[in-house]
Amino acid sequence: MALYALAAALTGWQRDSRVGLAFFAVLYGVVLLGQKSFRKARRPAWLQPACALLAVGLTLAQVGLGLNRNAQVAQPQFRTARFARQMPAVTGETLPEGVYRTDVSDVGLRRWWTSCNTPFVGGYMGVSEYFSILNGDYANAVLNDWALAAAQQGDFSFRGLDGSTVLNTLAGVRYTFVRPGEEGYVPYDYVYVGDTEQSSRFTITPDNGSTLHRYENQHSLPLGFTAGRVISEQDYMALNGLEKQAALMQGVVLGEAADGMQTSSPDMDCVARLAAAPAEQTDVQWADGLLQAGENGTLRFEFTVEQDTEVWLCLRGFAQAGGEGTAQATAWLEGGQERTVLAYSSLNADEAWVNLGWVSAGDYTAVFQPDAGQTFTLTGLELWGYDLARYEQDVQTLEAGAWQNVVQGTNSLAGLVQSETDTTLLVSLPYSSGWHATVDGVPAEIQKADSMFMAVAVPAGEHAVGLYYITPGLKEGVVLTGLGGLALAAQLIWYAARRRKAARMKPAD
């Protein structure tokens, strides 16, 4: 129990640690009760076997709970009701061969929450295999730093990358899936490559059928790529949400640049505000940071773009201010797909960005419609655009520095980096202290990059860069387990010695 308490203290006294310690305390108490009499009165004959049965039952129950927890991780049908519908829309057998990532998410399948378990049931590389909502760095980046409204629909209810061209590309997403009639959810420069039938394990079939259109990203970045520019974390945090996405395409964001590399300021010429305020509002009262709409209340933006542009609506200070239930607002480009934003209290970022899709040159109207009869806080509402020609230019620069010949093991990655100058290898896996890096076999530092990824400084030339994972606390756990084994062995030896001594001292009949 002392060793268990020490291990729990070293790992931060998580809830499971406290429950485990309480379990062992009860189990130990039961064993003591069965072995000793705490009163001078004679111990009942049934006490010892009853305590033995109870101890065995507690042990089996603990094993059963552990197996059930593993089942919840491995098979979605064992999950709680909150996650009961998180099943993949497609199966690996119905997709092209190869290793790739998919974004079967809230973007293509509306509210079906399908991306979360794609690796477990689908058997292929879903986005969530790399970006678990259990990873704090990733959750914070999505909910606060990147400020994606579609990801903030409840506490850690991450549903995808919101159809964002940049974020899909940085995540290395190769395929995305939409149903017929939902093509407006497809990010920029994805090409239709075929149809895929919905998995039978996905139990809900929407009105528009089970067929899914599969689109392939023409600019999918690999798992690792090099960036010649370093952007300081201080400069990055001074940008708004859309500017941050543009900066991520121009270089790697680090808290501290490696020796020999200079930080450079991001270029924001590719991001522009299309409209600072709605051009028209109908049946809406919006004053002093409070918004209330009538039955058909809308706010409308009129804007013009001169090139392919991804259009984003920026909500500032948006939340439900009163009323019962969960209120929501809907935004869309006229003729395009609707985006729904639920006004949960967890939508607490100062700014939240809603991706309205991408358009070619022309005149357009964007519409924002809050639920009728509900009151919201809303301090600002703006329309922004991201130049996709600049996106193509930046992504081609990153593609040129791919991590080559990558070999993926059970808990390791290894490949070659070639560069004429000192550079930074960015690996689009969530940062964790369990990852370790080597450059030509020599240990190298891993830095947290882009708020959540991992980066390794690599000198000019050709170098072998490897990553390997060791579970944090594993070494300490092995040591504590060994100490526990030694303590148990010492106790057994002591017990056996006592038994032999007692036998020798026992008078002969």
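Me: Which residue's backbone nitrogen does the side chain of Asn240 reach at 3.1 Å?

Reply: This is a predicted model, in which local features need pLDDT of at least 70 and side-chain atom pairs count only at pLDDT 80 or more, while totals for chains, interfaces and linings use all residues. Residues are numbered from 1 along each chain as its sequence is written, and side-chain values use heavy atoms, with hydrogens and water left out. Asn240 is found in the loop between helix H9 (233-237) and helix H10 (241-248), where helices (H or I, at least four residues) and strands (E, at least two) are DSSP runs numbered from the N terminus. At 3.1 Å, the backbone nitrogen reached by the side chain of Asn240 is that of Leu242.

Me: How far does the backbone nitrogen of Glu243 lie from a polar atom of the side chain of Asn240?

Reply: A polar contact is a pair of N or O atoms within 3.5 Å; within protein, one must be able to donate a hydrogen and the other to accept it, and residues adjacent in sequence count only if both atoms are side-chain atoms. Asn240 caps the N-terminal end of H10 through a side-chain oxygen that lies 3.1 Å from the backbone nitrogen of Leu242. For the backbone nitrogen of Glu243, the distance to a polar atom of the Asn240 side chain is 2.8 Å.

Me: Is Asn240 buried or exposed?

Reply: Contact here means heavy atoms within 4.5 Å, and beyond its neighbours within four places in sequence, Asn240 is in contact with Glu351, Trp353 and Trp384. Residues under 20% relative accessible area are called buried, those over 50% exposed, and those in between partly exposed (1.4 Å probe, protein chains only). Because its relative accessibility is 10%, Asn240 counts as buried.

Me: Which residues does Asp235 touch, not counting residues up to four places away in sequence?

Reply: Asp235 lies in helix H9, and its relative accessible area of 32% is why it counts as partly exposed. The C-alpha atoms of Asp235 and Thr263, 28 residues apart along the chain, are separated by 9.7 Å. Beyond residues up to four places away in sequence, Asp235 touches Ser265 and Pro266.

Me: Which residue of E24 is the bridge partner of Val439?

Reply: Strand E23 (residues 435-439) is mostly covered, with four of its five residues buried. Two strands pair if DSSP finds at least two bridges between them; E23 is joined to strand E27 (residues 461-469) by five bridges in an antiparallel arrangement, and to strand E24 (residues 442-444) by three, also antiparallel. E23 and E24 form a hairpin with two residues between them, and Asp440 in the turn has a positive phi of about 55°. Within E24, the bridge partner of Val439 is Val442.

Me: Which residues are linked with Arg273 in a network of salt bridges?

Reply: The side chains of Arg273 and Glu382 meet in a salt bridge (3.7 Å, N to O). Arg273 lies in strand E9 and Glu382 in strand E19 (residues 380-387), so the pair ties together parts that are 109 residues apart in sequence. Arg273 is partly exposed, with a relative accessible area of 46%, whereas Glu382, at 10% relative accessibility, counts as buried. Linked with Arg273 in the network are Arg316, Glu351 and Glu382.

Definitions and conventions: Salt bridge = Lys/Arg side-chain N within 4 Å of Asp/Glu carboxyl O.
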